[in-house]
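Hello,

Here is the structure I promised to pass on to you. Have a look at it first, and then read on for what turned up in it.

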Amino acid sequence: MKILTIIILLFTMPLVAEWSDWSEEDKELFETLIILQGIDTHQTYTALKTGQFHESNPFYGPDPHIEEIILGKILTTAFLYKALDNGNRVQRNRGLKWANAVQTAVIIHNGKLLFNFKKEF
């Protein structure tokens with residue numbers, strides 16, 4: 001796993017974008033996205049630990065390790081960051097708002113599943 005992490009970090013180094021070119025709103029939206037991804041990761045890990053749930057994201061497979069989930073989040077965030085940086089300001093802002101909306105919907109869905117599971121016990 002350590003070797004895979006090093007290889008991925010080497011390949012993602014060129015993804016460094018110009019954070020200073022982003023508006024304050026876009027920076028806040030991106031920071032919010034990272035927080036939302038952390039919440040999603042925690043929910044996923046918590047649900048998988050119960051043994052009653054499986055991961056439905058085909059990227060991870062049904063029973064991923066927490067390291068795989070975190071690594072997947074890092075990679076997708078890096079590529080999203082670079083893609084958003086390549087767009088103009090309007091596209092970036094719109095893309096960040098959509099990404100936050102989708103991530104929020106995922107968190108709400110996961111939260112409902114976990115709440116209903118815990119309510120049964």
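Which element gives the largest share of the lining of the largest pocket? It is α4, with eight residues.

Before going further, a word on what you are looking at. This is a predicted model, in which local features need pLDDT of at least 70 and side-chain atom pairs count only at pLDDT 80 or more, while totals for chains, interfaces and linings use all residues. Residues are numbered from 1 along each chain as its sequence is written, and side-chain values use heavy atoms, with hydrogens and water left out.

The protein chain has an average pLDDT (the predictor's confidence in each residue, from 0 to 100) of 83, and 82% of the residues score at least 70. Confidence is lowest in helix α1 (residues 2-12), with a mean of 55, and highest in helix α2 (residues 24-50), at 92. Helices here are DSSP runs (H or I, at least four residues), numbered from the N terminus.

Two or more lining residues come from each of α2, α3 (66-86) and α4 (89-120).

There is also a nonpolar core to look at (buried Ala, Val, Leu, Ile, Met, Phe, Trp, Tyr and Cys residues joined through side-chain atoms within 4.5 Å). The largest has eight residues: W22, L29, F30, L33, Y81, L84, L96 and A99.

Leaving out residues up to four places away in sequence, W22 is in contact (heavy atoms within 4.5 Å) with K27, F30, Y81, L84, D85, R92 and L96. Of these, D85 sits in helix α3 and is buried (under 20% relative accessible area, with a 1.4 Å probe and protein chains only), at 15%.

Lastly, Q103 in helix α4 is buried too, at 10% relative accessibility. Q103 touches L33, L36, Q37, D40 and K73, again not counting residues up to four places away in sequence.

Enjoy exploring!

Note on methods: Buried means under 20% relative accessible area, exposed over 50%, partly exposed in between (1.4 Å probe, protein chains only).
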